[in-house]
Amino acid sequence: MENKRFKLQLSPSGNLTNLVLKEDAHQMNWVIDTPYLDDCGYDESDKLFGNFSLKVKGEVLISSDVIPTIVEDVGTATVSYVFEKLEVIMNYDLSQSDDRVAWTITLKSRTVEDLEITDFAIWSSFSYVMYRINDLDLQTNHSASVNPSISEHFSKIACVRRSNEAPHLGMYQTKGQTLSVGSYCAYKNLFFESVSPSLDGLLFHQLILAGGYPENFENADWIYEKKGFVLPGLGEKEWGYAFEPFKNQQDFHSIGLTNYGHPSFDFEPLAILDQPYVLAFELPEGRQLTDAYMDYLDIDGKRKRENLLTKIKLETNHYQADLDFTLPGETKITIELDNEFYDSVVLNVMEPIKKTLDHRVRYISDVLFNGENSDTPYSYSPISNQGESLGKLSLVLKTNLLGETNVEAVQKVEASCVYYIRQKWFENGDFTKPTKLYGEFYRCMDFEYMAHVFYLLSKFQEDVLQLNHPDTYLAWAADVFSLRVNPDLHDNARGKEEAQMLGVFFLYIDDLLEELRSRGLTEKYDEISVLWSRIAENVATDSKTYKAAVTEHFFDNAGFGPAAGALASTHHLEGAKRYGELVLANIGFSNDFRAQSPDRWWEALSYMIHSLWGGVTAAACLKAYEALKDSRYLKAAYRATVGILYCYDTNAKATDTKLASGEAASTYSIAGPHINRPDLSRNRFGQSTFFRDGGIFSRLFTKEEETADWDMGEELVAYLDGFGRKTFLYEESGTIFIVNGSIEETDEGLLITSYAPFPTDYHFYDRELHFVSKNGELVPQILLADGAFKPKKEPLLTKE
C-alpha cells in the first residue's frame with residue numbers, strides 16, 4: 001500500500017515488515033524485517049512490528065499463537081486477531097492524508113463480563129540495528145536511534161537516521177495512553193574470538209499499554225505508570241498513532257504541535273538548587289491551560305505535589321514560568337489541558353555540582369585508594385588491566401588543579417603513578433616495553449589514560465610532589481604518549497595499527513603539546529606534534545567514508561565522537577561537520593532528561609547512559625560547537641552532559657541504586673521495562689551485574705558484586721575542561737538563551753549565573769563576546785550590559 005509519502009507492506013502474520021518514505025534517497029526500511037534476522041541467525045521474529053502480548057485474568061495471549069484475518073481496502077489494511085474473550089484489531093490507514101500513516105489499535109471484548117487487563121504490550125520495532133556488516137552506508141543510512149517521549153496523552157517517538165540526514169520518522173500518539181516504551185536486546189559478541197569488529201545487535205522497542213513488568217514487580221521508578229485496566233463487557237478501548245517524516249528536532253516538535261495537538265516544551269534538563277529556572281511551552285491552537293503542577297519525592301521518599309498554575313504567565317503565544325527548586329532529585333512537571341489531557345517533562349534538580357565533585361574526589365582518595373600494605377599497593381579500587389580505570393586519578397588531579405590543593409590526595413596519586421602504574425603496565429618500568437596484560441597482547445588505548453595522569457601530575461609545584469620533579473612526570477607523559485601514537489615503537493601488527501587510531505587523548509593533546517613546548521621538551525614536542533597532525537589528517541581524509549566510526553564494534557560513538565572532537569580541535573572543519581552529524585544523531589532528545597543521552601546499548605543491553613563514552617561524546621560535541629559555531633552542538637552537548645551527571649547524583653530517587661556520598665555507577669538503563677533484565681529497568685549499575693547471566697559476561701567479570709564505577713573519571717575531567725568552567729549564551733530569533741547557567745534581568749543588565757563548579761569562562765559566540773578570568777579566578781556571576789561582559793564585584797547579586 002502507498003500514498004504520496006509512504007509505502008508499507010504487511011506480512012501474512014500481520015506484522016508491518018516494510019515502511020519506506022518515498023522521498024528517501026536511501027529507501028531505508030524504518031522497521032526491522034525478517035530477512036535480516038534470518039541472515040544473521042537472530043531468532044526474534046516474534047518481536048517484529050505489530051506483534052503483541054496480553055495478560056487477561058492471569059492468562060497470557062500472544063499474537064503469534066493466532067492466524068490473523070487481514071482485510072485490505074483502498075489505502076487501508078485491517079488485521080484482526082480473535083481470541084476466546086476478546087479481539088485485537090490493528091488498522092493501517094494511508095488514505096486519511098498524503099503525508100502520514102494512521103495506526104489504530106482496538107481492544108474489543110467478546111464477552112459480557114468485565115476483563116482485567118494486567119499487561120498489554122505491542123512491539124514497535126523500528127530499525128534500531130547495528131548491522132553485522134562492515135558497511136557504513138548501512139550503519140548510517142539504514143539504522144536509527146529511537147528517542148521516546150512518554151506522557152499521559154502526548155507520547156511520541158523520534159526515529160533519527162544515524163547519518164542525521166533527513167527525512168527522519170516520527171510517531172505521534174493521537175488517542176489513548178502509552179505508559180512507557182520498553183526494549184529488548186538481541187546481540188552477538190565475538191570479543192574472545194579475536195574478531196574485530198566483534199559486536200553487533202538490535203534493539204526491539206515495545207509500546208507498553210498496560211503493565212509491562214513481571215507480576216508483583218516493584219522498583220523506585222515513581223515517574224511512569226505500571227498499571228493495568230478493566231475492559232468492560234462487550235466494550236472496547238482504542239489507541240491511535242500517526243507516522244510522519246520530519247527534518248530535525250525543531251520540526252519534530254512543530255509537527256506534533258500543528259498536526260497532532262501536542263504541546264511543545266522548551267525546558268532545560270537541569271536545575272540547580274535555589275537558582276532561577278525558566279520553563280516555557282506552547283499549546284496547540286484552541287487548547288486551554290487548566291492546571292499545572294510538579295511532582296517530586298521529599299527527603300523521606302514521600303511524593304509531594306506543588307501547584308504551579310499561578311506562576312505561569314502567557315506571553316504572546318507562549319507560556320512561561322519562573323521556578324525555584326528547594327529539594328534535589330528528579331522532578332516531573334505536568335500541565336493539564338481542557339480539564340482532560342496531560343503532558344509532562346522530567347528534569348533533574350541537583351545540588352551545586354562542585355559539591356558532587358568534592359564528595360567524589362574525597363571518596364576516591366579516602367575509600368578507593370589502597371595503601372602501601374594492601375594486596376595491590378598504591379592502586380585504586382577496583383583493580384583493572386584497562387586504562388579506563390585510571391580516569392579516577394586524573395579526576396583527583398584535575399579538581400586539585402582547579403581548586404584548593406589537597407596535598408595528601410595528590411601525593412597518593414603520585415605514589416600510584418610511580419609504584420603501581422609504571423610497574424604494572426611496563427616491564428621493569430621501562431616505557432619502551434609494554435607488559436602483555438591481555439595474554440598475548442597489550443592495548444595501546446591504555447597508554448592514553450596514563451599519559452593523561454602523568455601530564456596532570458606534572459602541573460603541580462615541586463613542593464606538592466614528593467617522589468620526582470614535575471618535569472620528570474612531563475617526560476613520562478611524553479614517553480607514554482609517544483608509545484600511544486607512534487607505530488614505529490611497536491614490534492607487532494596490532495600495536496602498530498592501534499597506535500594510529502584515535503582515542504580520548506584528543507581531549508588533552510593540545511594542552512600536553514603546549515606544556516612540552518613551553519618547558520623545553522622540544523624533541524618530544526616535535527615528534528608528538530608531527531604524529532598528531534598525521535593522525536588528524538588521516539582521519540579528515542577518511543571522513544568521507546566515516547572510517548573512524550568503526551572500532552571494535554561496527555558503529556561506535558567511541559569512534560565517531562572522538563573523530564568529531566579531534567577534527568574540530570585541529571580545524572579540519574569539513575571532516576568535523578561530517579562526523580558531527582553522526583554525533584548529533586547520537587544524542588537523544590526527549591521530554592525526560594535521562595533519555596537525552598548519547599545513544600549506546602551494549603553495556604546495558606538497552607538504550608542507556610554510559611558515563612565514560614557518553615561524557616566523551618558530549619565533550620566532543622562541545623568542541624564541535626566551539627569550532628563550527630552551530631548551536632545544535634551546544635544544546636546537544638549540554639543535554640548529554642546532564643545525563644552523565646546522573647551517574648554521580650547521590651540525590652536521585654527514581655532509580656533502585658542509591659549512591660552514598662562519593663559513589664558512582666557507570667551505567668543507567670533508560671528503558672522501562674528492560675525486557676532482558678527487568679530489575680535493571682530505569683536503574684543504575686555496573687556491567688558486572690550481567691555476570692550472573694552467564695555467557696560472555698562470566699568471562700568478562702569475576703563476580704556480580706564488582707564495583708559499578710571502574711571505568712569512570714575521564715569523562716568528568718573532560719567536563720571540567722568544558723561545562724565545568726564555561727557558560728554559553730546564544731541568540732535565536734532575537735532572544736538570548738543560556739546554556740549551563742541562568743539569566744535574570746536587572747537594572748544593571750543581564751545577570752548571568754554560571755552552573756559550572758569552577759566558573760572562569762563566559763562565551764557569546766553569536767556576538768563575538770568572550771570573558772575569561774585571569775589566573776583561573778572563579779567568577780560565578782557576570783553582567784552582560786552595553787554589549788559587553790562586565791565582572792560584578794562582591795557582594796554578588798541575588799534574585800532579591
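Predicted model: local features only at pLDDT ≥ 70, side-chain atom pairs only at ≥ 80, totals over all residues.
Biologist: What makes the protein chain as compact as a globular protein of its length?

Modeller: The chain holds 17 helices and 37 strands. Its radius of gyration is 27 Å, close to the 28 Å that the globule rule gives for 800 residues, so the protein chain is as compact as a globular protein of that length. Along the principal axes, the C-alpha trace spans about 85 × 65 × 50 Å.

Biologist: Why is Tyr638 called buried?

Modeller: The relative accessibility of Tyr638 is 4%, and the cut-off for a buried residue is under 20%, so Tyr638 counts as buried. Tyr638 has its place in helix 15, which covers residues 631-645. Leaving aside neighbours within four places in sequence, the residues in contact with Tyr638 are Glu268, Pro269, Leu270, Phe723, Val739, Asn740 and Tyr755.

Biologist: How far apart are the C-alpha atoms of Tyr638 and Thr174?

Modeller: Those two C-alpha atoms are separated by 31 Å, while the residues Tyr638 and Thr174 are 464 residues apart along the chain.

Biologist: How do you know whether Thr399 is buried or exposed?

Modeller: Thr399 has a relative accessible area of 9%, and because buried means under 20%, Thr399 is buried. Thr399 lies in helix 5, residues 391-402, and, when neighbours within four places in sequence are left aside, Thr399 is in contact with Val361, Leu720 and Phe758.

Biologist: What makes strand 32 and strand 33 a pair?

Modeller: Two strands pair if at least two bridges are found between them, and 6 bridges join strand 32 (residues 741-746) to strand 33, so these antiparallel strands meet that condition. Strand 32 and strand 33 form a hairpin, with 2 residues between them, and Ser742 stands opposite Thr753 in strand 33.

Biologist: Which other strand pairs with strand 33, and how well is strand 33 covered?

Modeller: Strand 33 also pairs with strand 36 (residues 781-785), in the antiparallel sense and over 4 bridges, and here Thr753 stands opposite Gln781 in strand 36. Strand 33, residues 749-754, is mostly covered, since 6 of its 6 residues are buried.

Biologist: Why are strand 27 and strand 29 called edge strands?

Modeller: An open sheet is formed by 3 strands in the order 27-28-29, with antiparallel pairing. Strand 27 (608-610) and strand 29 (684-685) are its edge strands, as each pairs on one side only. Strand 28 (residues 667-669) pairs with strand 29 in the antiparallel sense over 2 bridges, and because at least two bridges are needed for a pair, that number meets the condition. In this pairing Thr667 stands opposite Phe685 in strand 29.

Biologist: How are the positive and negative charges of the protein chain placed on average?

Modeller: The chain has 76 positive and 120 negative charges, and the mean positions of these two groups are 1 Å apart.

Technical notes: Residues numbered from 1 in each chain as written. Heavy atoms only, no water. Rg over C-alpha atoms; globule rule 2.2 N^0.38 Å. Lys, Arg positive; Asp, Glu negative; His and termini not counted. Charge placed at Lys NZ, Arg CZ, Asp CG, Glu CD. Buried < 20%, exposed > 50% of the residue type's maximum accessible area, 1.4 Å probe, protein only. Contact = heavy atoms within 4.5 Å.
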